[in-house]
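Please look over the sequence and the model first, then read the points below.

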Amino acid sequence: MSVSHTLPAPLAPASALKEWRFPVEGMTCGSCVARVEKALAATPGVEEASVNFATEQASVKAGREVTLDMLKAAVEKAGYAVGSTAGSAVGETSLRLKIGDMTCASCVARVEKALKQVPGVLSAEVNLATETAEITLASDAAALPRLIAAVEKAGYRAEAIPDVATGASPSTPSGAPWWPIAVAAALSAPLALPMVGMLFGKEWMLDGWIQWLLATPVQFWLGARFYKAGWKAVRAGAGNMDLLVAVGTSAAYGLSVYLLLRHGEHGMPHLYFEASAVVITLVLLGKWLEARAKRQTTEAIRALNALRPETARLRRDGVDRDVPIGEVQVGDQVVVRPGERIAVDGEILEGATEVDESLITGESLPVSKQAGDHVTGGAVNAEGLILVRTTAVGAESTLARIVRMVESAQAKKAPIQRLVDQVSAVFVPVVIGLALVTLLGWGLAGSGEGHWETAILNAVAVLVIACPCALGLATPTAIMAGTGVAARHGILIKDAEALEVAHQVKIVAFDKTGTLTEGKPELVALEPAGISRDAALGWTAAIQAGSEHPLAKAVTQLAVKEELGVPAASQVRAVAGRGMSAVVEGHELRLGSPRFMQELGVDLGAFAVRAQALEAEGRTVSYLADVTSAPQLLALLAFGDTVKASAATAVTSLHALGIRTALVTGDNQGSAEAVARQLGIDIVHFQVLPENKAAIIGQLKAQLKDGGRVAMVGDGINDAPALASADVGIAMSTGTDVAMQAAGITLMRGDPALVADAIDISRRTYAKIRQNLFWAFFYNAVGIPLAAFGMLSPVIAGAAMAFSSFSVVMNALLLRRWKGSSK
């Protein structure tokens, strides 16, 4: 078991210097490095320049008047070049845009390309799932209008997303309406039913003009979106899934219209309206399911922003008044009353209290705070009135930084779907080219009108069999089946990326409190000295009878469980940051921390060894003392969190799958190591704050050299950055909504043993995706040559296309037979 201690470092304010990192091309030896460094250092405003020959990267610290163009000019003057991608810049300006009208990865690539061509843009990353773009700029001067104009010129919509520092958050995407799918299905059903009738020798074929009447609105009204998106792809010189749908269905529809007009008077020809209408209906259904998932993408950020109070009680010139949080500045004094949420990051000037930081640090027990201690905005002030000097506000606050980390970590792309769209971009022109070759080859090979009609039929057969229905259904049907069976076993999977990535997980990192433990402190040890155990428990329960403190509840619940008579207490008073005092049955009692006892002059020597052992196990130790006359120690109390019954099974199951386990927690060393030893966890990181949790996940990723992935399992807001930065985030439903929204997978029963099941269903689903993609491409690889050589009529081609879709769906439905191991 390896152990790492991560100290909770405060977040530093932005430096006056800006740091740049960019690739340098053309260096061949160490002397090149020296020349580049010299050229950069000579640039006015540059304070420090260093170049790494191994990575071909330059790192420059300079004043804010220095621009990227100035640094590029210096490098080029020295005889070298700055890489086409500017690596990363530290201290740069970042903007986020909401992008509309994207439908596939090809759209993502075009938007990224358009943004990167705007002068001053260092990097641009577009997320199809969240429909957002994150842009890094060398300068923010008039940047927003240029960026929006570039996106609109590429054929999409763009609007700015408010900064998290303002407390605003992007609106949740509205769900796509379901009625177009219902209308398309109603219009397509009469066209598809005759195909079913043919299997039983029934002739249910509708009149050709009725077929046309049903198929036309599906093609040009409900399917208009595919024409619009496909036209944008054509204008950009690329192809996408929408273009495949538009070309394939238009070919079937166009052939049907031609045959209807050409041969309608001489009997009913075979028409292909059902192929075009059913394909559009199925693809619309897939797009609707995709749109439903997108509605959840902003909820994690909204929940995090909801933690920040909208107002703060500001003290100026001895007068307290409530002001909007945006008016608070660094150095201002803020008053926080008991029960209120702390509005800003700051340092306590006056007062003492206990602060519930569980939503920020993951510590399940309230933390004592007094003058000089740091408090974090978003935490709850449990007891005393405190005066806080503000040290960070707005975008520099801990909570705002957590929000940014979650936003950045969510900028992921589903690898399989991206591959499908990339293949589609090449597939479309290839298929159209083959259809054209087929048309000309058959048309020029003979003479007469009949040859050209045969040529048209064969060319259309190529286009019809190349219809992207199976290709489009291969991934979503497997994902739908996988998520459905997982939900029945208590595993809720929010997005496709989690399923596609989780099969590669090699390390699972667990939070401790509420994930592997119950998250509810219990009285685990009560050792009296000079009095009976019942008396010690009764007096302790009497002191805490009216308290809402978690430790007090643990004592009173145990007294109730043991049906112990609790005497009445008087003169009950809370001593902020230390404990409580009361009079019980004539005894002046004190209950609290070791520090409280030391201040009262109570000798703790009788329990010194035992207390040390309990603290080494991660327990919280308190004492009961009688100070009626001479201070006298009466009892030792130890509080702890119970490990979940299924936690050991969870770790064992993961090890059986060849997966290593890690513990990443904000709790103390003793508690973390005790749980790790008990469960057999391989790696331990303790006293880790939220901003450091994401960094720990990054370290775990770096340990994997074979392409393995890291999963994070947590339940609290403090886990949100790590859940989002991990390759797969897994949240407990017993935790906060923020954790569940930031994670790709939620365990609905709060059972850690479900983690192994989630990874198993991911592996099986990914296998189905690969099988489906194989069959989808196989049909095209075999069917297109057969159609081109005239060995398949459009009827057979259409049937092959329909069978390919059917086989893909049926193969995916085999996942429904999966049984989890945790039941």
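Is arginine 590 buried or exposed? Arginine 590 is buried, because its relative accessible area is 17% and buried means under 20% relative accessible area, exposed over 50% and partly exposed in between, with a 1.4 Å probe and protein chains only. This is a predicted model, in which local features need pLDDT of at least 70 and side-chain atom pairs count only at pLDDT 80 or more, while totals for chains, interfaces and linings use all residues. Residues are numbered from 1 along each chain as its sequence is written, and side-chain values use heavy atoms, with hydrogens and water left out.

**Salt bridges**

- The structure holds twelve salt bridges, a salt bridge being a side-chain nitrogen of Lys or Arg within 4 Å of a carboxyl oxygen of Asp or Glu.
- One of them joins aspartate 511 to lysine 693, with the closest N and O atoms 3.3 Å apart. Aspartate 511 lies in the loop between β21 (505–510) and β22 (517–528) and lysine 693 in helix α22 (residues 690–703), so this pair ties together parts that are 182 residues apart in sequence. Helices (H or I, at least four residues) and strands (E, at least two) are DSSP runs, numbered from the N terminus.
- Arginine 610 forms a salt bridge with glutamate 527, and their closest N and O atoms are 2.6 Å apart. Because arginine 610 lies in helix α19 (residues 608–616) and glutamate 527 in strand β22, the pair ties together parts that are 83 residues apart in sequence.
- Arginine 610 is partly exposed at 33% relative accessibility, and glutamate 527 is partly exposed with a relative accessible area of 24%.
- Arginine 590, the residue of the opening question, forms a salt bridge with glutamate 588, the closest N and O atoms being 3.9 Å apart. Glutamate 588 counts as partly exposed, at 34% relative accessibility.
- Arg313, Asp322 and Glu340 are linked in a network of salt bridges.

**Aromatic pairs**

- There are eight aromatic pairs in the structure. Rings of Phe, Tyr and Trp (its six-membered ring) pair if their centres lie within 6.5 Å; planes under 30 degrees apart count as stacked, over 60 as edge-to-face and the rest as tilted.
- Tryptophan 179 and tryptophan 221 form a tilted pair, 5.8 Å centre to centre with 35° between the planes. Tryptophan 179 lies in helix α5 (residues 179–199) and tryptophan 221 in helix α6, so the pair ties together parts that are 42 residues apart in sequence. Tryptophan 179 is partly exposed, with a relative accessible area of 40%.
- Phenylalanine 774 and phenylalanine 778 form a stacked pair, 5.8 Å centre to centre with 25° between the planes. These two residues are separated by about one helical turn, because they are four residues apart in helix α25.
- Phe220, Tyr227, Tyr253 and Phe273 are linked into a cluster by ring pairs.

**A nonpolar surface patch**

- Phe774, Trp775, Phe778, Val782, Leu786, Phe789 and Met791 make a nonpolar surface patch of about 720 Å². Patches are made of residues with over 30% relative accessible area and no salt bridge, with like charges joined within 9 Å and nonpolar side chains (Val, Leu, Ile, Met, Phe, Trp, Tyr) within 5 Å.
- Tryptophan 775 is found in helix α25 (residues 754–788) and counts as partly exposed at 39% relative accessibility.
- Phenylalanine 774 is partly exposed at 49% relative accessibility, and phenylalanine 778 is partly exposed with a relative accessible area of 35%.

- Helix α6 (residues 208–222) has 15 residues and reaches 21 Å from its first C-alpha to its last, close to the 21 Å expected at 1.5 Å a residue. The expected span is 1.5 Å times one less than the number of residues.
- A kink of about 30° lies at alanine 215 in α6, shortly before proline 217. The bend at a residue is the angle between axes fitted to the seven residues ending there and the seven starting there.
- Buried residues of α6 include Gly208, Gln211, Leu214 and Ala215.
- Helix α16 (residues 533–543) is largely enclosed by the rest of the structure, because eight of its eleven residues are buried. Among them are Trp539, Thr540 and Ile543.

Note on methods. Accessible areas come from the Shrake-Rupley method with a 1.4 Å probe; for residues, only the protein chains shown count as cover.
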